[in-house]
Amino acid sequence: MKEAVVEAMNFLFENGYDNVVSGYDEGNKKSKRVHEKIGFEFYKDEENS
């Protein structure tokens, strides 16, 4: 999964994006780990509306 996300981010950056925002459900430990491996930094918690 990490490789797919990195490729998607590379595509976005090569096409003019300068920022990527991503999230995951609080209990989803695998998604949290992917975010950590890629180097995403915590920005904020957001509650469902």
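Lys-2 is partly exposed, because its relative accessible area is 36% (buried means under 20%, exposed over 50%, partly exposed in between, with a 1.4 Å probe and protein chains only). Lys-2 belongs to helix α1, residues 2–14 (helices are DSSP runs of H or I of at least four residues, strands are runs of E of at least two, and both are numbered from the N terminus). Apart from residues up to four places away in sequence, Lys-2 touches Val-34, Lys-37 and Ile-38 (contact means heavy atoms within 4.5 Å). Lys-2 and Lys-37 are 35 residues apart along the chain, and their C-alpha atoms are separated by 7.4 Å.

The model is predicted: local features need pLDDT of at least 70, side-chain atom pairs count only at pLDDT 80 or more, and totals for chains, interfaces and linings use all residues. Residues are numbered from 1 along each chain as its sequence is written, and side-chain values use heavy atoms, with hydrogens and water left out.

The secondary structure consists of two helices and zero strands. Along the principal axes, the C-alpha atoms fill a box of roughly 30 × 25 × 15 Å. The protein has 49 residues, of which 8% count as buried.

His-35 lies in helix α2. With a relative accessible area of 12%, His-35 is therefore buried. Beyond its neighbours within four places in sequence, His-35 is in contact with Ser-22, Gly-23, Tyr-24 and Phe-40. Phe-40 itself sits in the segment after α2. The relative accessibility of Phe-40 is 24%, so this residue counts as partly exposed. With residues up to four places away not counted, Phe-40 touches Met-9, Val-20, Ser-22 and His-35. Between Phe-40 and Gly-23 there are 9.8 Å in space, C-alpha to C-alpha, and the two are 17 residues apart in sequence.

Charged side chains were examined next. The protein carries 7 positive and 11 negative charges, and their mean positions are 9 Å apart. Lys and Arg count as positive and Asp and Glu as negative, while His and the chain ends are not counted. Each charge is placed at NZ of Lys, CZ of Arg, CG of Asp or CD of Glu.

Two salt bridges are counted (a side-chain nitrogen of Lys or Arg within 4 Å of a carboxyl oxygen of Asp or Glu). One joins the side chains of Glu-36 and Arg-33, at 3.4 Å from N to O. Both residues lie in helix α2, three residues apart, about one turn of the helix. Glu-36 is partly exposed, because its relative accessibility is 41%. Arg-33 has a relative accessible area of 43% and is therefore partly exposed. A salt bridge also links the side chains of Lys-44 and Glu-46, at 3.8 Å from N to O. Glu-46 has 66% relative accessibility and so counts as exposed.

A surface patch of negative charge gathers Asp-25, Glu-26, Asp-45 and Glu-47. Patches are made of residues with over 30% relative accessible area and no salt bridge; like charges are joined within 9 Å, and nonpolar side chains (Val, Leu, Ile, Met, Phe, Trp, Tyr) within 5 Å. Asp-45 is placed in the segment after α2 (29–38). Asp-45 is exposed, because its relative accessible area is 69%.

Technical notes: Areas by Shrake-Rupley, 256 points an atom, 1.4 Å probe, with all protein chains shown as cover.
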